[in-house]
Amino acid sequence: MYTMNKKTGIIISIIMVALGLFAFIDPFSLGVGLAYVVTIGLGIYGVSNIVTYFKTEPDSRNGWTLANGIILTVLAVLMLWTALGKDYGSIQMLSTLSFAIGFFTLIAGIDQIQAFNVLRKAEVPGSGLMLASGIMNLFLTLLILINPLFGWFGLSVIWGLYLTVSGIIIFAESCTGKRGVYPAI
């Protein structure tokens, strides 16, 4: 049993480190590849929302599920069509996804700042970390929305760092057979 987990851990760690290094070596290709995966995923999610709407009992249906499904499916098809049909289509798809990520980051930052206010009123220790996270998300939003390709490049570098460090840690844990001790937060 341990041997199988050890081998699996080593294989996963090598894949993570390879992907992490690839993110540093060629962040554009990684970004384009991820953009295609995310776009296809959004399309599949959109189609599943449409199917779910029609499989649900008529009196329990939610119109937003159908609208969301149609919007996501159409958006995914248009993005893929644009990416495959033009010389710089991949860059356009990357920019569109960067804008979408920027707006999700904006919403997350605002949500975290609101959560900080609730936590502060409840006198929860360490609530300042929520405020710091919210401010960092708002700063990241500015970077992404000002220059979407630079924002995507930054995200690729962060993913590369995360994957490389995590892969090294998993490799060390797999070779020794011991899990690292992580402090309680």
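In this predicted model, E123 sits in the loop that joins α4 (89–121) to α5. Its backbone is worth a look: E123 has a positive phi of about 55°, although this residue is not a glycine. E123 also counts as exposed, because its relative accessibility is 69% and the exposed class begins over 50%.

The buried residues of α5 are G134, N137, T141 and I144. Seen down the axis of α5, these buried residues fall within an arc of 85°, so they line one face of the helix. The face turned away from that buried side carries the exposed residues L129, M136, F139, L142 and I146.

Helix α5 also meets helix α6, which spans residues 148–176. The axes of the two helices come within 5 Å and cross at roughly 130°, which means that α5 is oblique to α6. On the α5 side, the contact is made by L140, L143, I144, L145 and I146; on the α6 side, P148, F150, G151 and L155 take part. By class, this contact of α5 with α6 has 8 nonpolar residues, 1 polar residue and no charged residues.

Definitions and conventions. Residues numbered from 1 in each chain as written. Predicted model: local features only at pLDDT ≥ 70, side-chain atom pairs only at ≥ 80, totals over all residues. Heavy atoms only, no water. Buried < 20%, exposed > 50% of the residue type's maximum accessible area, 1.4 Å probe, protein only. Helix = DSSP H or I, 4+ residues; strand = E, 2+ residues; numbered from the N terminus. Arc of directions from axis to C-beta. Axes fitted to C-alpha atoms, helices over the stretch in contact; angles between N-to-C directions. Parallel < 35°, antiparallel > 145°, perpendicular 65-115°, else oblique. Contact = heavy atoms within 4.5 Å. Nonpolar A, V, L, I, M, F, W, Y, C, P; charged D, E, K, R; others polar.
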